[in-house]
Amino acid sequence: MTISPDLDRRFRDAALDLGLVDVGYDVLDSPVGPLLVAASDEGLAAISYEQHADEELDRLCRIAGPRVLRMPRRVDDARRELDEYFAGRRRVFDLTLDLRGLAPFTVSVLGELAKIPFGETTTYGELAARVGRPRAARAVGTVMNRNRIPIVLPCHRVVGAGGNLVGYAGGLDRKVMLLELEGVLL
Amino acid sequence: MMHPVSVPPFELFYEEHRGDVMRLLRRQLGRDRAEDAFQETFLRALRAYGRLAHSENLRAWVLTIARNVAIDTIRRTSPTGQPVEVGAEDGLPVLQELAPLTDGLPPKERAAVVLRYGYDLSYDQIAAALGSSTDAARQATSTGVRRIRKRRTSE
């Protein structure tokens, strides 16, 4: 039996208004493909390129709790800023992030990552040096690979020492597109 | 803080069971009253969802919440307050045995006994289904059982 869209929306709105949602998410269209964007009370919790939404929802359960509900309203701020970024009208994101559950090293690496400006790149080694662990380039690579909030935390701006792009959890094509958008690659 | 995953993401649970919940509510309440009851059912489920210890019997659990919302709706809106049937539509044998035993119990006690001994739910889950506290759920179950015992010894 189908539920009317109106009733469905009323239930979701009531759930959010009553504070019963751990994580609200929506799937947004973007030039780099569909993005599953999720936010908790603490802030933006995840952006995912993954086509396997079920796996991503399980991951959100582990991060913030099982009351994970599709909730377009919850990600309005992130949607607006991402749209502006992809339209070339935003260079800096102004979003609170939910980094719960991450190790202190990871949080400090992501903190330095967030400071790399639009249109510039750095290397894994430089980023490691900035958190005081100059020999930890490989560990920094792992943090980039597991970055829960790509694009907003700009791991696409981190490249190999020789200037080669190395890799990207969302696929190298997307890294190229993001760097082209920022004018790094022409 | 990472949460152990004991239940599926609520979205998947909701998508899987909302059709069955609506079917049950329409049958018991009619199309108009079913809409509010639908929302209330899933809000009650959401309130308890983070505390569920495991993901077994989620369908039985949410249908029981729906039945209890239907009971509350009928009590609130019908002058005679006739309770609806709570019970054995999932066809589990133990439920069939419980049905005559629990016949005639007050609706909350009957629901609590059926959920505890028919569906093997925890008191937390029963509390969510009844929209009450865990203590009240435990109390309703034990009062129901005492009432059944008393009735059987006096028969």
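Student: Which way does α1(A) pass α2(B), in a left-handed or right-handed crossing?
Tutor: The crossing is right-handed, meaning that the near helix is turned clockwise from the far one by less than a right angle. This is a predicted model, where local features need pLDDT of at least 70, side-chain atom pairs count only at pLDDT 80 or more, and totals for chains, interfaces and linings use all residues. Residues are numbered from 1 along each chain as written, with chains lettered from A and ligands numbered from 1 in the order written.

Student: At what angle do the axes of α1 of chain A and α2 of chain B cross?
Tutor: They cross at roughly 35° and come within 10 Å. Axes are lines fitted to C-alpha atoms, for helices over the stretch in contact, with angles from 0 to 180 degrees between N-to-C directions.

Student: Which residues meet there?
Tutor: From α1(A), Leu7(A), Arg10(A), Phe11(A), Ala14(A) and Ala15(A). They meet Glu35(B), Phe38(B), Gln39(B), Phe42(B), Leu43(B) and Leu46(B) of α2(B). Contact means C-beta atoms, placed from the backbone, within 7 Å.

Student: And how many residues does the contact take from chain A and chain B?
Tutor: 22 from chain A and 22 from chain B. On the chain A side, α1, α2 (53–64) and β4 (68–70) each give two or more residues.

Student: New topic. How many helices and strands are in chain A?
Tutor: 7 helices and 6 strands. These are DSSP runs numbered from the N terminus: H or I of at least four residues, E of at least two. Along the sequence the pattern is α-β-β-β-α-β-α-α-β-α-α-β-α.

Student: What does the C-alpha trace of chain A span?
Tutor: About 60 × 35 × 25 Å along its principal axes.

Note on methods: Contact = placed C-beta atoms within 7 Å.
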